[in-house]
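Here's a quick briefing to read alongside the model. Have the sequence and the 3D view open as you go.

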Amino acid sequence: MYNAYRTLIEDIAIAINGEYSAIQCYEILAQLAPNEKSRNQILEIRQDEINHYQAFTAIYTQLTGQQPTPELIEECPTAYLSGLKYSIEDEQKAVDFYLDIADQTQDLYIKETFKRAAADEQNHAVWFLYFLTRGQARS
């Protein structure tokens with residue numbers, strides 16, 4: 001749930017950490033993927049996360065005059081199916097959080113950057129759900 005006492009800059013820092021963590025996690029998940037098609041899609045999702053990370057970092061730097069210091073905030077599961085489950089939940093939480101960030105600013109660039117990222121995160125969740133259900137159907 002959105003905490004009204006956090007500032008926009010604090011929320012952007014949290015988003016940067018989330019993207020940084022996702023980038024690391026999806027590298028692991030891609031290595032665990034059962035086939036090249038899944039691996040390539042996960043790497044494409046990872047590239048989206050890199051793009052979000054770079055955009056959020058640029059916004060943070062513009063607002064604060066400082067580079068953020070990203071931190072790994074979550075450990076990624078080391079098994080493929082549990083990694084998919086984790087990723088679905090994480091992506092869905094990011095959607096809501098990014099929309100909250102977009103709602104708290106009047107800056108159109110920041111608003112649109114976070115709305116676009118939210119749409120990407122929703123798309124990622126769908127892909128991870130697809131991989132999960134496909135994997136469980138084969139089990």
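**How H1 meets H3**

On the H1 side, Leu-8, Asp-11, Ile-12, Ile-14, Ala-15, Glu-19, Cys-25, Tyr-26, Leu-29 and Leu-32 make contact with H3, where their partners are Tyr-80, Gly-83, Leu-84, Tyr-86, Ser-87, Asp-90, Glu-91, Phe-97, Tyr-98 and Ile-101. Sorted by class, this H1 and H3 contact comes out at 14 nonpolar, two polar and four charged residues. Keep in mind that this is a predicted model.

**Geometry of the H1 and H3 pair**

- The axes of H1 and H3 sit 11 Å apart, and the two helices pack at an angle of about 160 degrees.
- Angles over 145 degrees count as roughly antiparallel, and that makes H1 roughly antiparallel to H3.
- As for handedness, H1 goes past H3 in a left-handed crossing.

**H1 against H2**

- Helix H1 covers residues 8-32 and helix H2 covers residues 36-64; their axes come within 8 Å and cross at roughly 155 degrees.
- H1 and H2 are therefore roughly antiparallel to each other as well.
- In this contact you'll find 21 nonpolar, three polar and five charged residues.
- The crossing of H1 past H2 is left-handed.

**The disulfide**

- There's one disulfide in the structure, and it links Cys-25 with Cys-76, S to S 2.0 Å.
- Cys-25 belongs to helix H1, while Cys-76 is in the loop between H2 and helix H3 (80-103), so the pair ties together parts that are 51 residues apart in sequence.
- If you care about the hand of the bond, the torsion about S-S for Cys-25 and Cys-76 is about 50 degrees, so this disulfide is right-handed.
- Buried means under 20% relative accessible area; Cys-25 counts as buried at 3%, and Cys-76 is also buried, at 13%.

**A look at Thr-57**

- Thr-57 is part of helix H2.
- With a relative accessible area of 11%, Thr-57 is buried.
- Leaving aside residues up to four places away in sequence, Thr-57 touches Ile-16, Gln-67 and Pro-68.

Terms used. Residues are numbered from 1 along each chain as its sequence is written. This is a predicted model: local features need pLDDT of at least 70, side-chain atom pairs count only at pLDDT 80 or more; totals for chains, interfaces and linings use all residues. Side-chain values use heavy atoms; hydrogens and water are left out. Axes are lines fitted to C-alpha atoms, for helices over the stretch in contact, and angles run from 0 to 180 degrees between N-to-C directions. Helices (H or I, at least four residues) and strands (E, at least two) are DSSP runs, numbered from the N terminus. Angles under 35 degrees count as roughly parallel, over 145 as roughly antiparallel, 65 to 115 as roughly perpendicular and the rest as oblique. A crossing is left-handed if the near helix is turned anticlockwise from the far one by less than a right angle, and right-handed if clockwise. Ala, Val, Leu, Ile, Met, Phe, Trp, Tyr, Cys and Pro count as nonpolar, Asp, Glu, Lys and Arg as charged, and the others, Gly among them, as polar. Buried means under 20% relative accessible area, exposed over 50%, partly exposed in between (1.4 Å probe, protein chains only). Contact means heavy atoms within 4.5 Å. A disulfide is a pair of cysteine sulfur atoms within 2.5 Å.
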